[in-house]
Amino acid sequence: MNSKPMLLIAIGLAGCQAEQESLADFLASAKRHAQTQVQPLQHTAVVSVAKYTAQGLRQPFELPQSSGTASFQAQQKPCRQPDLFAYSGQFSRYPLSQLRFKGTMMRGDSISALIASPSGNVKRIESGQRLGEHQAKVKRVTKEYVLVEENRPDSLGCWQVSEIKLALK
């Protein structure tokens with residue numbers, strides 16, 4: 001059997017025998033030598049309390065009168081409602097924020113974008129095609145970015161169109 005590891009363990013344990021003073025003696029010594037200096041509290045100002053009485057409160061789960069009117073007016077006007085089932089492409093389940101513009105390809109005068117999904121699939125996209133969960137339509141492809149027009153739902157049940165640029169990364 002190798003005696004070197006045993007010798008190292010014995011030396012290590014022998015070093016642990018220093019300072020055998022009990023904990024109670026140490027605490028008693030610390031309390032005797034402790035010096036406490038507590039500063040007196042500063043005078044605090046007296047505050048008068050006023051009673052709150054609520055008046056004219058509305059129910060917390062009802063729309064305010066102004067929002068209710070806007071909602072009613074919005075429902076009377078025909079608002080934009082995209083056909084969410086018309087497009088079911090490879091990237092239709094991903095939000096635009098998860099799609100990455102990786103590069104471009106050119107053939108003659110036409111330019112197409114290479115778009116990568118979070119899973120790593122890359123697809124060639126041209127102007128007029130759709131991508132993303134809200135059916136964003138590709139408006140323009142350049143060497144620096146892809147301009148898409150995305151339908152986004154608003155708080156009144158209608159859909160608003162917003163333009164988004166996917167920058168080259």
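How many residues sit between β6 and β7 in their hairpin, and which residue in the turn has a positive phi? Some notes on this, and on the rest of the model, follow.

1. First, the hairpin. Five residues lie between β6 and β7, and the one to look at in the turn is G157, with a positive phi of about 90 degrees. Bear in mind that this is a predicted model. The two strands, β6 at residues 145-153 and β7 at residues 159-167, pair in the antiparallel sense over nine bridges. If you want a place to start tracing the pairing, take L147: its bridge partner in β7 is K165.

2. Now the overall layout. The protein has three helices and seven strands, and from the N terminus on they run α-α-α-β-β-β-β-β-β-β. There are 169 residues, of which 20% count as buried. Looking at contacts with a separation of 6 or more, 42% are between residues 24 or more positions apart.

3. Next, the three-stranded sheet. It is open, with the order β1-β2-β3 and antiparallel pairing. The edges belong to β1 (100-107) and β3 (122-125); each has a single partner strand, so one side of each has no neighbour in the sheet. On average, neighbouring strands here are turned by 25 degrees against each other, direction ignored.

4. Is V148 buried or exposed? This residue of strand β6 is buried, because its relative accessible area is 0% and the cut-off for buried is under 20%. Beyond its neighbours within four places in sequence, V148 is in contact with L96, L131, A136, K137, V138, K139, S162, E163 and I164. V148 and K165 are 17 residues apart in sequence, yet their C-alpha atoms are 6.3 Å apart in space.

5. You'll find Q135 in the loop between β4 (130-131) and β5 (136-141). Despite the loop position, Q135 is buried, with a relative accessible area of 6%.

6. Which side chains make salt bridges? The structure holds two. In one, R124 meets E126 at 3.6 Å, N to O; R124 is partly exposed at 44% relative accessible area, and E126 is partly exposed at 34%. In the other, R152 meets E150 at 3.0 Å, N to O.

7. Last, a surface point. L23, F26 and L27 form a nonpolar patch, and together they have about 330 Å² of accessible area. L27 belongs to helix α2, which covers residues 23-33. At 45% relative accessibility, L27 counts as partly exposed.

Notes
Residues numbered from 1 in each chain as written. Predicted model: local features only at pLDDT ≥ 70, side-chain atom pairs only at ≥ 80, totals over all residues. Heavy atoms only, no water. Patch = residues over 30% accessible without salt bridge, like charges linked within 9 Å, V, L, I, M, F, W, Y side chains within 5 Å. Areas by Shrake-Rupley, 256 points an atom, 1.4 Å probe, with all protein chains shown as cover. Salt bridge = Lys/Arg side-chain N within 4 Å of Asp/Glu carboxyl O. Helix = DSSP H or I, 4+ residues; strand = E, 2+ residues; numbered from the N terminus. Buried < 20%, exposed > 50% of the residue type's maximum accessible area, 1.4 Å probe, protein only. Contact = heavy atoms within 4.5 Å. Pairing = 2+ DSSP bridges. Axes fitted to C-alpha atoms, helices over the stretch in contact; angles between N-to-C directions.
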